[in-house]
Amino acid sequence: MNGSSSEPVHLQYGVEHWGAGYFEVSAKGQLVVRPKRGDARYADVKEIVDHLVNEKKLATPIILRFPQLLEHQLDRLHDAYDAAIREFKYTGKHCPVFPMKVNPRREVVEELLRSGSASQFGLECGSKAELYAALSLEQPAGSLLICNGFKDQSFIDLALLGQQTGKQVIVVLEKIGELQTVLKRSQETGVKLWIGLRAKLYSKGSGKWASSGGDAAKFGLTTSEILECIRVLKAAGCTDRLKLLHFHIGSQITDVRRVRNAVKEAARVYAKIRQMKVDVQYLDIGGGMGVDYDGSKTTFEASINYTMSEFANTAVYQIRTVCDEEHVPHPNIVTESGRVMTAYHSILITSIRDEIETFPEQAPAVAIEEDDPQVLQELKEVFDKISTKNYREYYHDALEDKDELHTQFNLGLISLEDRAKGEVLFWEICAKAEKLSRAAKIPEDEFSSLGKILASKYLCNFSVFRSAPDSWAIAQLFPVMPIHRLNEPAGDRATLVDVTCDSDGCIQRFVDLKDVKDVLEMPAFHAGEPYYLAIFLVGAYQDVMGSNHNLFGQPNEAHVVIDADGRYHIPRIVAGSRIGEMLAFAKYDKAQVWENFRHLAEAQVTAGRITPEVAAGLVRQYEADLQRYTYLE
Ligand SMILES: *Cc1c(COP(=O)(O)O)cnc(C)c1O
């Protein structure tokens with residue numbers, strides 16, 4: 001529909017802005033991934049997908065995980081803090097920990113811990129299950145294990161187990177009541193747990209998660225509660241256990257000024273506590289370092305107005321300045337960055353299966369006869385005469401005619417054939433009007449929403465609810481683009497729908513440098529030809545928050561590594577959910593469903609409708625289908 005432009009479609013997607021040096025378009029017009037920014041090596045994603053589909057017989061959706069991107073993001077984070085520490089002659093260390101809630105997958109956490117041995121990368125957990133998993137993982141010597149979140153006694157007991165098995169555990173108090181339990185259990189077991197306090201700051205973040213900070217925040221201790229904790233610890237003679245002050249003002253902070261304000265405030269609280277002769281050694285500044293999903297480098301919610309280095313410089317400089325003013329030692333800086341660590345490392349590959357037609361584009365031209373109803377005559381006239389000069393007015397006439405058409409049909413005045421003719425005419429008028437409005441280059445809401453309705457709807461083999469749940473839940477933007485044909489012109493404007501039976505299962509907002517697009521410009525889909533799209537930056541939060549709507553489960557998954565010679569390897573393939581697993585999730589018992597099905601088949605035999613041989617065949621097929629992939633194959 002966008003026939004006017006012949007420039008290559010990849011210029012539409014802005015991958016050079018949000019790709020962070022990992023994703024690019026090759027001269028062949030295919031998506032490539034680099035293991036590091038600035039690295040000469042790259043892998044062609046279309047080749048990888050062809051290999052997985054043709055040789056390994058995997059169907060889409062497929063998650064591609066690139067562990068090297070986890071490693072490189074961690075290096076970049078640590079280097080940014082190291083450089084800031086050197087530049088500002090800061091005397092504390094940087095101690096990164098990984099917040100497990102962002103992506104608790106074992107492969108992800110293990111890869112980060114392995115890559116982080118030099119930086120003493122630790123872990124942060126917010127629930128008993130995360131802590132339980134953390135206790136099983138080998139952490140770099142000297143790294144921290146920080147326990148945030150609301151805690152009961154069994155959570156604290158689990159932390160005690162960790163402490164006794166050599167982990168450097170810090171229990172961060174979210175509620176004042178937790179202190180009593182920690183002290184009681186420490187006394188009963190004789191194990192001395194390190195304690196942290198989570199402060200409720202006055203400063204807020206910015207963007208979608210701003211309400212995680214500020215007076216009304218869900219988490220943290222007020223100033224008087226902090227003072228009360230210190231008083232209780234002093235009375236118990238164990239202020240030496242208080243090692244850390246923590247805050248977290250929310251994820252995806254879009255504006256670096258918010259970071260500056262929050263760090264300043266927290267550093268002041270730290271300094272005042274220090275001056276009370278409490279030897280706090282760590283200032284934990286939480287997560288919040290964002291990802292530039294749309295590449296615009298702005299304070300828009302899908303973006304951030306800073307680089308990793310600017311964030312790190314701001315934090316280090318502010319803490320140093322406050323500490324020097326207050327004459328207290330520089331604390332070690334703990335960071336809990338999760339989103340920016342993991343977002344890049346995984347992309348979801350889906351394929352277009354079909355097009356859902358709003359109106360039949362290839363419908364035969366409608367012939368209107370003289371004795372056809374008046375309303376059809378009118379629509380035909382609008383269709384013939386609509387032009388640059390009158391498209392607004394004529395489009396409104398057509399809307400009225402369409403209402404009239406349906407009214408007359410409901411009254412039994414016109415036939416089903418006439419209704420069909422009228423509808424085809426109406427959509428053809430819409431298409432003309434939308435084109436005329438686009439050519440006029442006067443943006444009008446009415447016609448841009450018409451453009452969205454008229455855009456092709458491509459049915460893609462994935463579930464939004466499983467693989468990009470934030471796109472549905474909080475309207476988060478993720479970059480989407482084809483992985484091949486990127487040198488072709490944009491022949492089509494489309495929105496994407498998934499395979500769930502849920503009308504919310506769709507993607508209708510796309511990243512843009514200046515705006516949010518409501519259609520994706522892309523080369524046209526031709527039925528029967530493989531056409532793959534990627535959804536990017538889904539490595540943070542999406543894996544764990546994805547749900548089993550419609551019992552579509554985990555996609556197939558392949559881990560991809562690029563070797564020293566620039567060849568890709570697939571060390572690991574994890575099969576996606578089979579029907580059987582999803583039934584088990586919904587508490588169906590395999591033996592029971594098979595037996596029930598066998599009864600159905602036997603009843604048909606008893607009733608003489610099928611032979612025992614046919615029944616046996618049906619049963620065999622039903623049993624075998626338990627192993628099928630839940631998505632379209
Ligand atoms: C969620 C969370 C994080 C991670 O934040 P990101 O913005 O993903 O880096 C860190 N700390 C705490 C306490 C959290 O709740």
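Biologist: In which pocket does the ligand sit?
Modeller: The ligand sits in the second largest pocket. A pocket here is found on a 1 Å grid over the protein atoms alone, as an open set of points with protein on both sides within 12 Å along at least five of seven lines. A molecule sits in a pocket if more than half of its atoms lie within 2 Å of its grid points.

Biologist: What should I know about the model before we continue?
Modeller: This is a predicted model, in which local features need pLDDT of at least 70 and side-chain atom pairs count only at pLDDT 80 or more, while totals for chains, interfaces and linings use all residues. Residues are numbered from 1 along each chain as its sequence is written, and side-chain values use heavy atoms, with hydrogens and water left out.

Biologist: Which residues come nearest to the ligand?
Modeller: K101, S251, E336, G338 and Y541 come nearest, out of 17 residues around the ligand. A residue is near a molecule if one of its heavy atoms lies within 4 Å of it.

Biologist: Which class of residue is found in that shell, and how many of each?
Modeller: The shell has 9 polar, 5 charged and 3 nonpolar residues. In this scheme Ala, Val, Leu, Ile, Met, Phe, Trp, Tyr, Cys and Pro count as nonpolar, Asp, Glu, Lys and Arg as charged, and the others, Gly among them, as polar.

Biologist: What does the side chain of E336 reach on the ligand?
Modeller: An N or O atom in the E336 side chain is 2.5 Å from a nitrogen atom of the ligand. For K101, a side-chain N or O atom is 2.6 Å from an oxygen atom of the ligand. S251 has a polar side-chain atom 2.5 Å from a ligand oxygen. The protein buries 93% of the 390 Å² that the ligand exposes when taken alone. Those areas come from the Shrake-Rupley method with a 1.4 Å probe.

Biologist: Let us turn to the whole chain. How many helices and strands does the chain have?
Modeller: The chain has 21 helices and 23 strands. These are DSSP runs numbered from the N terminus, with helices (H or I) of at least four residues and strands (E) of at least two. The C-alpha trace spans about 100 × 70 × 55 Å along its principal axes.

Biologist: What share of the residues is buried?
Modeller: Of the 633 residues in the chain, 53% are buried. Buried means under 20% relative accessible area, exposed over 50%, and partly exposed in between, with a 1.4 Å probe and protein chains only.

Biologist: Is C460 buried or exposed?
Modeller: C460 is buried, because its relative accessible area is 0%. The residue belongs to strand β14, residues 456-460.

Biologist: And Q374, buried or exposed?
Modeller: Q374 is exposed, because its relative accessible area is 55%. Q374 lies in helix α12, residues 374-385.

Biologist: What about T321; where does T321 lie?
Modeller: T321 lies in helix α10, residues 308-326. Its relative accessibility is 22%, so T321 counts as partly exposed. The T321 side chain reaches the backbone oxygen of Y317 at 2.7 Å. That is a polar contact, a pair of N or O atoms within 3.5 Å; within protein, one must be able to donate a hydrogen and the other to accept it, and residues adjacent in sequence count only if both atoms are side-chain atoms. T321 and A267 are 54 residues apart in sequence, and their C-alpha atoms are 9.1 Å apart in space.

Biologist: Now the backbone. Which peptide bond is cis?
Modeller: The bond from T60 to P61 is cis, with omega near -5 degrees. P61 is in the loop between α2 (45-55) and β4 (62-65). Most residues other than glycine have a negative phi, and most peptide bonds are trans.

Biologist: Which value does phi of Q120 take?
Modeller: Phi of Q120 is near 50 degrees, a positive value in a residue other than glycine. Q120 sits in the loop between α4 (106-115) and β6 (122-125). N550 also has a positive phi, near 60 degrees, and is found in the loop between α18 (542-545) and β22 (556-562).

Conventions: 1 Å grid on protein atoms, 1.4 Å probe; cavity = no way out; pocket = protein on both sides within 12 Å on 5 of 7 lines; lining within 4 Å.
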